[in-house]
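Student: I have not looked at this structure before. Please show it to me, and then let us work through it by question and answer.

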Amino acid sequence: MLIFWSTKNKVNRLQDGRKETHKCSSCGKTATFYQCEVDKGVKLYGVVTLFGSQQKVMQCGECLALFKDEEDEKAMRAETERLAKEEAKREALRQQIKDEEYKQREAEVDDELAQLKKNLGK
Ligand SMILES: [Zn+2]
């Protein structure tokens with residue numbers, strides 16, 4: 001199901017963008033949809049400012065209605081998840097290194113204490 005987006009935004013049809021043919025829920029015709037890029041700074045329903053020019057939408061070739069490009073959103077979400085996972089891995093590694101450093105330091109302190117006790121015992 002495509003989500004109706006807006007017809008008021010300025011978009012640039014992508015030369016090498018995706019083309020899809022399915023029924024338009026805006027005009028009801030079976031039309032070719034073209035992948036477009038939304039102009040930078042265009043506001044969605046005049047409320048939400050879109051960041052960057054990366055936002056991709058699908059445009060109905062019949063009535064020019066715009067719909068969210070779910071494939072692009074999915075790709076972006078996957079990329080975000082991948083980065084989050086990598087960050088979590090890095091964080092776990094950092095924690096591991098910290099733990100090892102801590103253990104190392106503990107061991108050194110133990111050695112020092114043992115040495116101190118030995119010296120005191122003399
Ligand atoms: Zn349409």
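**Contacts, strands and the helix**

Student: Leaving aside its neighbours within four places in sequence, which residues is Glu-62 in contact with?

Tutor: Two residues are in contact if their C-beta atoms, placed from the backbone, lie within 7 Å. With neighbours within four places in sequence left aside, the contacts of Glu-62 are Cys-24, Cys-27, Lys-29 and Ala-31.

Student: What kind of model is this?

Tutor: Residues are numbered from 1 along each chain as its sequence is written. Local features need pLDDT of at least 70, side-chain atom pairs count only at pLDDT 80 or more, and totals for chains, interfaces and linings use all residues; this is a predicted model.

Student: In what order do the elements of the protein chain run from the N terminus on?

Tutor: Helices (H or I, at least four residues) and strands (E, at least two) are DSSP runs, numbered from the N terminus. The protein chain has one helix and eight strands. Their order is β-β-β-β-β-β-β-β-α.

Student: How far apart in space are Glu-62 and Gly-28?

Tutor: In sequence the two residues are 34 apart. Gly-28 lies in the turn of the hairpin of S3 and S4. From C-alpha to C-alpha, Glu-62 and Gly-28 are separated by 9.6 Å.

Student: How many bridges join strand S3 to S4?

Tutor: Two strands pair if DSSP finds at least two bridges between them. S3 (residues 19–23) and S4 run antiparallel, with Lys-19 opposite Tyr-34 and Lys-23 opposite Thr-30. The number of bridges is five.

Student: Which residue in S7 is the bridge partner of Phe-33?

Tutor: S4 and S7 run antiparallel and are joined by five bridges. In this pairing Cys-36 stands opposite Val-57. The partner of Phe-33 is Cys-60.

Student: Which residue in S8 is the bridge partner of Met-58?

Tutor: S7 also pairs with S8, in the antiparallel sense and over three bridges. Across that pairing, the partner of Met-58 is Phe-67.

Student: How many of the residues of S7 are buried?

Tutor: In a regular strand the side chains alternate between the two faces of the sheet. Both faces of S7 are covered, with Lys-56, Met-58 and Cys-60 buried on one side and Val-57 and Gln-59 on the other. For S7 the count, out of five residues, is five.

Student: Near what value is the phi of Leu-64?

Tutor: Most residues other than glycine have a negative phi, and most peptide bonds are trans. Leu-64 lies in the loop between S7 and S8, a hairpin with five residues between the strands. The phi of Leu-64 is positive, near 65 degrees.

Student: How many residues of helix H1 are buried?

Tutor: H1 (residues 70–121) has 52 residues and reaches 75 Å from its first C-alpha to its last. That is close to the expected 76 Å, the expected span being 1.5 Å times one less than the number of residues. H1 lies largely in the open, because the number of its residues that are buried is zero.

Student: What share of the protein chain is buried?

Tutor: The protein chain has 122 residues. Of these, buried residues make up 15%.

Key:
A residue is buried if 20 or more other C-beta atoms lie within 10 Å of its own, exposed if 12 or fewer, and partly exposed in between; C-beta atoms are placed from the backbone.
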